[in-house]
Structures are given as structure tokens and as C-alpha cells.
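Open the model in your viewer and colour it by secondary structure.

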Amino acid sequence: NTILLHAEGIEEIDLVNVIRSRRADGVVVTTPGKVDERVKSLVLSKLPCVTGRTDTKLGDRSACVDIDNRQAGFDAARFVADRGSRRVALVIEREDTCTGDDFLQGFREGLVNTPALCSHIHRIPVTARDAIIAARALFEDENAPDAVVTNLSLATIGIRHAMMQAGASNV
């Protein structure tokens, strides 16, 4: 069993004890803002975890993998540009998140020297409902995108739902 947590929701959870008690085998923690001390304790505990934007350069003192959101954004941009997309919409976390900022920076770098451009950027709270609202607005625009990229798992469902409603199955 693995626990997936958004860092804003861990106020009452002692992550190290959750794993040591065998209620979970590992933890995946997204860290959109300031890194919580409990996440640092988890990283230092040598228990298995995956984080986003946490200083995990601890060598053999850590059993942690850190996700490089900037590289993920770069790779996503290159993928849609190589696919032939020219109007790319980006749906990412709201402005006060580090992971969203990192992804956006990498995405913009990935589009350099390609014919693709980022035609729309929507920064939203991490909910499927907000993703549906953002995606509906995208597909109602007369210059609707020919590709949509997101770094939010929950947004994927909402975006796909809005695409189907708009008849944009080729995006």
C-alpha cells in the first residue's frame, strides 16, 4: 500500500510512523509550497518515499526519489511539439506552488526553437472540478488548443471530460 498526499493535507499525519506501523509501504508526497519539516524527517528516515521539489540530495542517507518538475515540463513541451501541435494549452497548479512554477519554466524552455506556442495557461487549484471549468473555457475559445498538457493527475480526468463534451476528441 502506498499513500499519496498533497503536502497541504499532512498537518495531522506523522508520515514516518505511518510507514513504520506498516499501514503503508511507502509515501508519495507532492510539495507545492514550502517544504514541511515532516517531509524532511521522512526523507531522512530512510523509509521509501517519492517527493516533488524536496531537497533529497542526501546520498545513501535517503531512500527517497525526487521528481524533477522542470524536466517533466520540458519533456512534455518537446513531446507535443514533436507531435506537430502548434497551439498548446497548459493547465497547472495555482501561482503559489513551486511545482507548478518549475513545470511552467521547463515547459517554456521546451518550446524554444519549435513552431509550437503556449496559447493558453490556466493556473488552478488541484481539483477535478476546477480542471473541468478551465478546460471548458479552453474549448469554447475560437482559437482552441490542439493539445492540452497538465502536471495534475486530478486535472487529467476533468480535462478529458470537457474534451469529450466539446467534441474535441482529436486533441
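Helices (H or I, at least four residues) and strands (E, at least two) are DSSP runs, numbered from the N terminus. This is a predicted model, in which local features need pLDDT of at least 70 and side-chain atom pairs count only at pLDDT 80 or more, while totals for chains, interfaces and linings use all residues. Residues are numbered from 1 along each chain as its sequence is written, and side-chain values use heavy atoms, with hydrogens and water left out.

**The whole chain**

From the N terminus the order is β-α-β-α-β-β-α-β-α-β-α-β-α. Of the 171 residues, 42% are buried. Buried means under 20% relative accessible area, exposed means over 50%, and partly exposed lies in between (1.4 Å probe, protein chains only). Contact means heavy atoms within 4.5 Å. Among contacts between residues at least 6 apart in sequence, 59% join residues at least 24 apart.

**Strand S5 and its sheet**

Select residues 87-93, which form strand S5. Six of the seven residues in S5 are buried. Two strands pair if DSSP finds at least two bridges between them.

Which residues stand opposite each other? Ile92 faces Arg123 in S6. Leu90 has Ile121 as its bridge partner in S6. On the S7 side, Ala89 stands opposite Val148.

Together the three strands make an open sheet in the order S6-S5-S7, with parallel pairing. S6 and S7 stand at the edges with a single partner strand each, so one side of each is left without a neighbour in the sheet. From one strand to the next, the twist averages 20 degrees. Axes here are lines fitted to C-alpha atoms, for helices over the stretch in contact, and angles run from 0 to 180 degrees between N-to-C directions.

**Helix H4**

Next, show the side chains of Phe103 and Phe107. Both lie in H4, four residues apart, about one turn of the helix. How many aromatic pairs does a search of the whole structure find? One. Phe103 and Phe107 form that pair, stacked at 6.5 Å centre to centre with 15 degrees between the planes. Rings of Phe, Tyr and Trp (its six-membered ring) pair if their centres lie within 6.5 Å; planes under 30 degrees apart count as stacked, over 60 as edge-to-face and the rest as tilted. Phe103 is buried at 5% relative accessible area. Phe107 is buried too, at 0%.

**Two loops**

Go to Asn151, in the loop between S7 and H6. Buried, partly exposed or exposed? Asn151 is partly exposed, with a relative accessible area of 22%. Leaving aside neighbours within four places in sequence, Asn151 is in contact with Val91, Ile92, Glu93, Thr99, Gly100 and Phe103. Draw a distance from Asn151 to Gly100: their C-alpha atoms are separated by 7.6 Å, and the two are 51 residues apart along the chain.

Then select Thr114, in the loop between H4 and S6. Thr114 is buried, with a relative accessible area of 19%. Not counting residues up to four places away in sequence, Thr114 touches Arg78 and Ala81.

**The nonpolar cores**

Finish with the cores. A nonpolar core is a set of buried Ala, Val, Leu, Ile, Met, Phe, Trp, Tyr and Cys residues joined through side-chain atoms within 4.5 Å. The largest has 15 residues, of which Val91, Ile124, Ala131, Ala135, Phe139, Ala155 and Ile159 touch the most other members. S5, H5 (128-140) and H6 (153-166) are the elements that give two or more residues to this core. H5 gives the most, with five.

Centre on Ala131. Beyond its neighbours within four places in sequence, Ala131 is in contact with Ile124, Ala155, Gly158 and Ile159. Last, select Ala76, Val80, Val88 and Leu90, which are among the 14 residues of a second, separate core.
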